[in-house]
Amino acid sequence: MTTTAVRATAAYAAMTASHEVGDYWAQRDADAGAKGGHGSEGRMACARHVASYTATQALALYAADRTLNLGLDWRRAALALAVSAGTHYIADRSGGRWREDGPSTALVRFARRTGHTGWLERDPGAGPLLDQAWHKGWIAVAAVVAGGGK
């Protein structure tokens with residue numbers, strides 16, 4: 001019998017490693033370029049990316065559960081994947097828009113409200129770093145959800 005801490009830690013490891021694969025290797029180039037765009041084309045590109053990303057995380061979580069005999073509750077795992085997918089979509093709609101003025105996206109507005117405007121304006125790498133920090137933070141939350149219970 002594994003503990004909640006062991007299940008959550010293993011879930012975090014699996015979800016973080018598969019985040020890297022899903023966010024970069026599984027993502028189609030066309031979707032990477034369009035996912036932050038305005039209108040339905042941008043929303044659909046982001047949705048396609050999040051679908052392949054989530055499938056990658058689900059496969060990794062399933063493999064970790066089976067290989068490590070974690071005994072994950074699949075309702076909790078499904079909820080964890082939904083948390084990861086939903087927050088991933090929110091972040092990735094900001095793709096290419098981190099330096100955008102005006103209303104922009106929810107995450108760009110949040111970054112500006114929390115004092116990151118100067119960094120976003122002077123450093124072209126700031127947006128992608130904030131994006132990855134957002135993802136990893138939410139993956140930690142999702143892992144605790146997946147590993148909880150029992």
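How close do the axes of helix α1 and helix α4 come, and at roughly how many degrees do they cross? The legends below begin with that pair. The views show a predicted model, in which local features need pLDDT of at least 70 and side-chain atom pairs count only at pLDDT 80 or more, while totals for chains, interfaces and linings use all residues. Residues are numbered from 1 along each chain as its sequence is written, and side-chain values use heavy atoms, with hydrogens and water left out.

**View 1. The crossing of α1 and α4.** The axes of α1 (residues 4-25) and α4 (residues 74-92) come within 13 Å and cross at roughly 40 degrees. That makes α1 oblique to α4, given that angles under 35 degrees count as roughly parallel, over 145 as roughly antiparallel, 65 to 115 as roughly perpendicular and the rest as oblique. Axes here are lines fitted to C-alpha atoms, for helices over the stretch in contact, with angles running from 0 to 180 degrees between N-to-C directions; helices (H or I, at least four residues) are DSSP runs numbered from the N terminus. The crossing of α1 with α4 is right-handed, the term for a near helix turned clockwise from the far one by less than a right angle. Met 15, His 19 and Asp 23 of α1 meet Ala 80, Leu 81, Ser 84, His 88 and Asp 92 of α4, where contact means heavy atoms within 4.5 Å. By class, the residues of this contact are three nonpolar, three polar and two charged (Ala, Val, Leu, Ile, Met, Phe, Trp, Tyr, Cys and Pro count as nonpolar, Asp, Glu, Lys and Arg as charged, and the others, Gly among them, as polar).

**View 2. The contact of α3 with α4.** The axes of α3 and α4 come within 9 Å and cross at roughly 145 degrees, and α3 passes α4 in a right-handed crossing. Among the α3 residues that meet α4 are Cys 46, His 49, Val 50, Tyr 53 and Leu 61, and the α4 residues that they and others in α3 meet include Trp 74, Leu 81, Tyr 89 and Asp 92. The contact of α3 with α4 has twelve nonpolar, five polar and three charged residues.

View 3. His 49, in helix α3 (residues 39-68), counts as buried at 1% relative accessibility, and Asp 92, in helix α4, counts as buried at 2%; buried means under 20% relative accessible area, exposed over 50% and partly exposed in between, for a 1.4 Å probe and protein chains only. Not counting residues up to four places away in sequence, His 49 touches Gly 22, Asp 23, Gln 27, Asp 31, Lys 35, His 88 and Asp 92. With residues up to four places away again not counted, Asp 92 touches Asp 23, Lys 35, Gly 36, Cys 46, His 49, Asp 131 and His 135.

**View 4. The packing of α4 against α7.** The axes of α4 and α7 are 8 Å apart, at an angle of about 165 degrees, and the two helices are therefore roughly antiparallel to each other. Their crossing is right-handed. Residues of α4 in this contact include Arg 76, Val 83, Thr 87 and Ile 90, and those of α7 include Trp 134, Trp 138, Ile 139 and Val 145. The residues of the contact divide into 13 nonpolar, four polar and three charged.

**View 5. The largest nonpolar core.** A nonpolar core is a set of buried Ala, Val, Leu, Ile, Met, Phe, Trp, Tyr and Cys residues joined through side-chain atoms within 4.5 Å. Of the 17 residues in the largest one, Ala 11, Met 15, Leu 61, Leu 70, Ala 80 and Ala 146 touch the most other members. Helices α1, α3, α4 and α7 (126-147) each supply at least two residues of this core, and α7 gives the most, with five residues. Leaving aside neighbours within four places in sequence, Ala 146 is in contact with Ala 11, Leu 61, Leu 72, Arg 76, Ala 77 and Ala 80. Apart from this core lies another, of eight residues, among them Ala 91, Trp 98, Ala 111 and Leu 130.

View 6. Ala 8, found in helix α1, counts as buried at 13% relative accessibility. The C-alpha atoms of Ala 8 and Val 144 are separated by 4.9 Å, although the two residues are 136 residues apart along the chain. Beyond its neighbours within four places in sequence, Ala 8 is in contact with Ala 143, Val 144 and Gly 147.

**View 7. The loop residue Asn 69.** Asn 69 lies in the loop between α3 and α4 and counts as exposed at 65% relative accessibility. Its phi is near 55 degrees, a positive value in a residue other than glycine.
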